[in-house]
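Please open the structure in your viewer and keep the selection tool at hand.

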There are 2 protein chains.
Amino acid sequence: MVETTWSRASGERLRYWWVNHNQSAAQEIAGGFLWSPKREANGARSQYYDNMRIATRGDLVLAYSAQHIGHVGIVTDDAVSTARPTEDGPAITDRSYDGWMLPVAWRPVPQPLRPRAIWPELQPLMPARYSPLDLNGNGAQKAYLTEISEAAFDLLRARCGIEALPALATCPPQFERIQDALDDAAEQAIANDPALDSTEKAQLVQSRRGQGLFRDRVIAVEGSCRLTGVSNLALLVASHIKPWRSCETAAERLDGENGLLLTPSADRLFDRGFISFEPNGAMIISPRLSTEDLRRLRLAECEPARPFGERQSDYLQHHREFIFLS
Amino acid sequence: MVETTWSRASGERLRYWWVNHNQSAAQEIAGGFLWSPKREANGARSQYYDNMRIATRGDLVLAYSAQHIGHVGIVTDDAVSTARPTEDGPAITDRSYDGWMLPVAWRPVPQPLRPRAIWPELQPLMPARYSPLDLNGNGAQKAYLTEISEAAFDLLRARCGIEALPALATCPPQFERIQDALDDAAEQAIANDPALDSTEKAQLVQSRRGQGLFRDRVIAVEGSCRLTGVSNLALLVASHIKPWRSCETAAERLDGENGLLLTPSADRLFDRGFISFEPNGAMIISPRLSTEDLRRLRLAECEPARPFGERQSDYLQHHREFIFLS
C-alpha cells in the first residue's frame, strides 16, 4: 500500500485518520487538502490541530460530513503553514499564516456510509479520547482530524465498499507546490504595492530566492555552512530562518540576521522543518527525518555548534515553533 | 588578496588576465562583465573564448581598449552560458546561448597606460603565444581574453598606479543572479506567447523550479538520487539536464528524460557544472571543484553508476559540452 520509494522515519508507522469537516468539506475535497487553524480561538493548543502536523505522506484519511463518510484520501505531503484558504485555494489573504494546510488526494467512496448505522459494531473500535463520534454515534462537536485504529479503518473501508485505495505513486508531493503558490501571491502583492519603489521591489523579489541584498547580508553575518563547514559561496544557499512568505515586513525579508548560509541539502532539511537549531547552535533533528536519509545525506556528523546572536535566535524561535516537525 | 572564505580547487592558482575589447568595452565595463562567443564564426574553437571558462572568482583582469589599459577588474564568478547581451545586459534575445558571460567587478585605473609606451620593458614579460599585443606593442587583431604572467601584471599594475585592488569580499557571486535574470526573461516570453494556452504556460513556469508536470515525469524516469541513493521525494530536486533557460522548445522543458532526481547539494554541483555524467552513468568531477569541498559535501563516495537512456544521453552531451567546467 505504501510505495517502496518513500522512506518513513524508522519506527514511524502508517497512520489512519478521520476528519469531521462539515463547513469546509466541499472546498477541502475539491481543493485536495485539509486546513485547520494552528490554535484554538483562545490560543490554546488542540490535539485535533496538532494532528495536522503528525499526519504525513502515505497516511490514509476518511472524510466525514453531513453524517456520512463520503471520501477516502491519502496524505501526499507534510502540512504547510498557510493562512485560511479562500475559494481559490491557498492564498495570501492576510499575513497571519495561522493554520496548517495538509495536502490530501481524495476520491469518493463507492457506498457512502452513515457510521451510526453500524454503531454497535464500530463503537468498540473507536478511540476513547478524541473520538470523532459522540456516545450515540453522531459527529462530535469539536472534533477535526483524529487518529483511528487500523481495525476501525478496515471495518469502515469494507462497509464503504472501498476496494482500491489511491495509489501514492501517482500522487506527487505538494509541499513545494503550495509554497510556490504562496510565494507567487506574495510576490504579486509586492509588485502591486504602491508604497515600494522599484529598487525595493527588486530587492524583495530577489530575496525570495536568497539572492541580492539579502544574500550579501547573510554572507556578512554567517560566512560558512554551520553543518558542513563549506565556505565556497558557489555552493551555499542564503536561506530565510523565518520563511520569506511568512515575513511580516520588508525589513524582515531583507534582514541578514534572518538568514543562514547552508549547503543546498542542509537548506532543504531546514526549509522543510526536518532540522532546526537551538540558540546555542545545536542542531535538532525531527523524528520525521529517517536515520537512513540523514545518513545518505551525510549530515549526521556536523561541525561544532556556533551560538546564534539575539536577533537570529528570535527568528529561530519562529522556526522551531512553526516550521520544525517536532 | 584572495578572500579566505573562497576555496580554490587544490592546485588551482590565481590567474592574471588581459582583455582586448574595443567594440564592446563601454558596455562590458558598465555592465560588470565580459562576453565572448563560444566558438569562432566558422565553428572552430578559440583559446581566447575557452579562457572565459578558465577564469574564475578571484582572478584579476586588465582591460585594454583604445590602445590603453583603463580598468582593472576582479572576476566574481564562473562564466554563464548566455546569448549576446543587449544594451540592457544579459537578455534572451534569441535561443542560441552562443556565448559566455564572465562576471567582473571593474574599477578605473588611476593612470590609464598605453602599453606601447613601456614596450621595451613589457615585451619580455608578455606571453609568446596568444599575446594581446603584436610585435610592435599594439593591440593584436584577434585577441580577446588571454592569460599574462604575474610579472607582467605587476609591472602594469605599478605603471597604472593601481594601489588597492577591488576587494573580493565585497563582490557577491553573480552566477545565480545572471541565471535568474535569464530565467525571468524566458518566463516573461512564455507569459507573452500567444501560441500557448494557460495550462501549458503554467506547466512551463512550474518546470522552471522543477515542479509540476516536469517533476512528475522525472520521478517516473529516475526514482532516486544517482549519487546518494536518497528516494524520499521530499528531499529531491527535479533538475533539468539541459538547463530550462537553454531549452529550445516547450517539449524539451517538460521532457522527463531531460531530468535528474538529485539531492539539493548534488543538484547544485550539477547545475554549476562542477560535476557531470558519462552515458554509462559514471560521474565526472570538474577540476574546478576542490577536493575539500567535495569531501565536505560527502559526495565523493557514490552509489554504483546506472547507465542513462538514449534521450537522457543526448541531453547530457549538451551538459558536458556547455555546462561542465572541464
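**Stop 1: two crossing helices**

Select helix 5 and helix 9 of chain A: Phe175(A), Glu176(A) and Gln179(A) of helix 5 meet Arg268(A), Asp271(A) and Arg272(A) of helix 9. Contact here means heavy atoms within 4.5 Å. Helices (H or I, at least four residues) and strands (E, at least two) are DSSP runs, numbered from the N terminus. By class, this contact has one nonpolar, one polar and four charged residues. Ala, Val, Leu, Ile, Met, Phe, Trp, Tyr, Cys and Pro count as nonpolar, Asp, Glu, Lys and Arg as charged, and the others, Gly among them, as polar.

Before continuing, note how the model is described. It is a predicted model, in which local features need pLDDT of at least 70, side-chain atom pairs count only at pLDDT 80 or more, and totals for chains, interfaces and linings use all residues. Residues are numbered from 1 along each chain as its sequence is written, chains are lettered from A and ligands numbered from 1 in the order in which they are written, and side-chain values use heavy atoms, with hydrogens and water left out.

Now view the pair along its axes. Helix 5 (residues 175-191) of chain A packs against helix 9 of chain A at an angle of about 80°, with the axes 12 Å apart. Axes are lines fitted to C-alpha atoms, for helices over the stretch in contact, and angles run from 0 to 180 degrees between N-to-C directions. Helix 5 of chain A is therefore roughly perpendicular to helix 9 of chain A. Angles under 35 degrees count as roughly parallel, over 145 as roughly antiparallel, 65 to 115 as roughly perpendicular and the rest as oblique.

**Stop 2: the surroundings of helix 9**

The axes of helix 9 (residues 264-272) and helix 11 (residues 310-323) of chain A come within 9 Å and cross at roughly 65°. Helix 9 of chain A is thus roughly perpendicular to helix 11 of chain A. On the side of helix 9 of chain A, Phe270(A), Asp271(A) and Arg272(A) take part, and they meet Leu316(A), His319(A) and Ile323(A) of helix 11 of chain A. This contact of helix 9 with helix 11 of chain A has three nonpolar, one polar and two charged residues.

How many of the nine residues of helix 9 of chain A are buried? Eight of the nine are, so the helix is largely enclosed by the rest of the structure. Buried means under 20% relative accessible area, exposed over 50%, and partly exposed in between (1.4 Å probe, protein chains only). Among the buried residues are Pro264(A), Leu269(A) and Phe270(A). Just after the helix, select Gly273(A), which takes a positive phi of about 80°.

**Stop 3: the nonpolar core**

Select Leu269(A), Phe270(A), Leu269(B) and Phe270(B), the residues with the most contacts inside the largest nonpolar core, which has 70 residues. A nonpolar core is a set of buried Ala, Val, Leu, Ile, Met, Phe, Trp, Tyr and Cys residues joined through side-chain atoms within 4.5 Å. Leaving aside neighbours within four places in sequence, Phe270(B) is in contact with residues including Ile241(B), Leu260(B), Phe277(B) and Leu316(B).

**Stop 4: the two chains together**

Display both chains. Chain B can be laid on chain A with an RMSD of 0.0 Å by a turn of 180° and a shift of 0.0 Å along the axis. That is the relation of a two-fold axis. Copies are superposed by least squares on the C-alpha atoms of residues with pLDDT of at least 70 in both.

Next, select Gln211(A), in the loop between helix 6 (198-208) and helix 7 (212-221) of chain A. Gln211(A) is buried, with a relative accessible area of 9%. Apart from neighbours within four places in sequence, Gln211(A) is in contact with Gln206(A), Glu176(B), Arg177(B) and Asp180(B).

**Stop 5: loop residues**

Select Pro287(A), in the loop between strand 11 (283-285) and helix 10 (291-296) of chain A. Is Pro287(A) buried or exposed? Pro287(A) is exposed, with a relative accessible area of 53%.

Finally, turn to chain B. Tyr130(B) has a positive phi of about 55° although it is not a glycine. Tyr130(B) lies in the loop between helix 3 (119-122) and strand 7 (145-148) of chain B, and is partly exposed at a relative accessible area of 33%.
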